[in-house]
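Keep the sequence and the 3D view side by side while you read.

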Amino acid sequence: MRNSAFLREVSDQHGISSRRLAAALKTTKSGLAIVVGLSPDALANAAPIGRVATQSRLNEMCGIIDRLILWAGSAPAAYDWYRSRTLPSFGDATADELVRQGWSSKVHAYLDRLIDGGFA
């Protein structure tokens with residue numbers, strides 16, 4: 001991921017901080033967990049086994065939100081797009097649905113097409 005102001009804001013020495021991320025996106029940690037496809041307790045779990053998977057999901061989401069902030073105007077607006085904007089190229093799935101299915105690279109490719117002036 002890029003070293004943007006948003007990513008610096010939501011990160012700490014351990015990676016993406018769920019507390020900082022929830023505050024930046026103006027949501028709750030349990031709501032954030034549900035969006036990334038984890039149980040509401042998962043973000044409170046500090047166990048090393050679950051930490052890698054949790055960080056992976058948070059990194060995937062943050063990478064996409066980071067790209068959207070310039071277009072959306074703010075992190076909360078980018079998060080709203082991530083959760084609610086249907087993508088016609090993917091059968092009207094949302095970015096969060098695609099990321100939960102392991103297709104974050106497809107969302108990045110979609111955004112690349114838009115940046116290059118292509119069609120959604």
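Arg-100 is partly exposed at 35%. Both residues sit in helix 6 (residues 95–100), four residues apart, or about one turn of the helix. Helices here are DSSP runs of H or I with at least four residues (strands are E runs of at least two), numbered from the N terminus.

A bit of housekeeping: this is a predicted model, in which local features need pLDDT of at least 70 and side-chain atom pairs count only at pLDDT 80 or more, while totals for chains, interfaces and linings use all residues. Residues are numbered from 1 along each chain as its sequence is written, and side-chain values use heavy atoms, with hydrogens and water left out.

**Salt bridges**

How many salt bridges does the structure hold? There are three, where a salt bridge is a side-chain nitrogen of Lys or Arg within 4 Å of a carboxyl oxygen of Asp or Glu. Side chains of opposite charge can pair when their charged atoms come close.

| Salt bridge | N to O distance |
|---|---|
| Asp-112 and Arg-67 | 2.5 Å |
| Arg-83 and Asp-80 | 3.5 Å |

Asp-112 is partly exposed at 37% relative accessibility, whereas Arg-67 is buried at 18%.

Arg-83 and Asp-80 belong to helix 5 (residues 75–84), and because they are three residues apart, about one helical turn separates them. Arg-83 is partly exposed at 35%, and Asp-80 is partly exposed at 40%. An α-helix has 3.6 residues a turn, so residues three or four places apart point the same way.

**A look at helix 7**

The twelve residues of helix 7 should span 16 Å at 1.5 Å a residue, and the end C-alpha atoms are 17 Å apart, which agrees; the expected span is 1.5 Å times one less than the number of residues. Which residues of helix 7 are buried? They are Ser-104, Val-107, Tyr-110 and Leu-111. Seen down the axis, the buried residues of helix 7 fall within an arc of 115°, so they line one face of the helix. That arc is taken from the directions from the helix axis to the C-beta atoms. Just after helix 7, Gly-117 takes a positive phi of about 90°.

**Inside the core**

The largest nonpolar core has 34 residues. Such a core is a set of buried Ala, Val, Leu, Ile, Met, Phe, Trp, Tyr and Cys residues joined through side-chain atoms within 4.5 Å. Among the residues with the most contacts inside this core are Phe-6, Leu-21, Met-61 and Tyr-82. The elements giving it two or more residues include helix 1 (5–10), helix 2 (18–25) and helix 3 (29–35). Helix 4 gives the most, with six residues.

Glu-60 and Trp-103 are 43 residues apart in sequence and 9.5 Å apart in space, C-alpha to C-alpha. Trp-71 lies in helix 4 too, and is partly exposed at 45%.

Technical notes: Buried means under 20% relative accessible area, exposed over 50%, partly exposed in between (1.4 Å probe, protein chains only).
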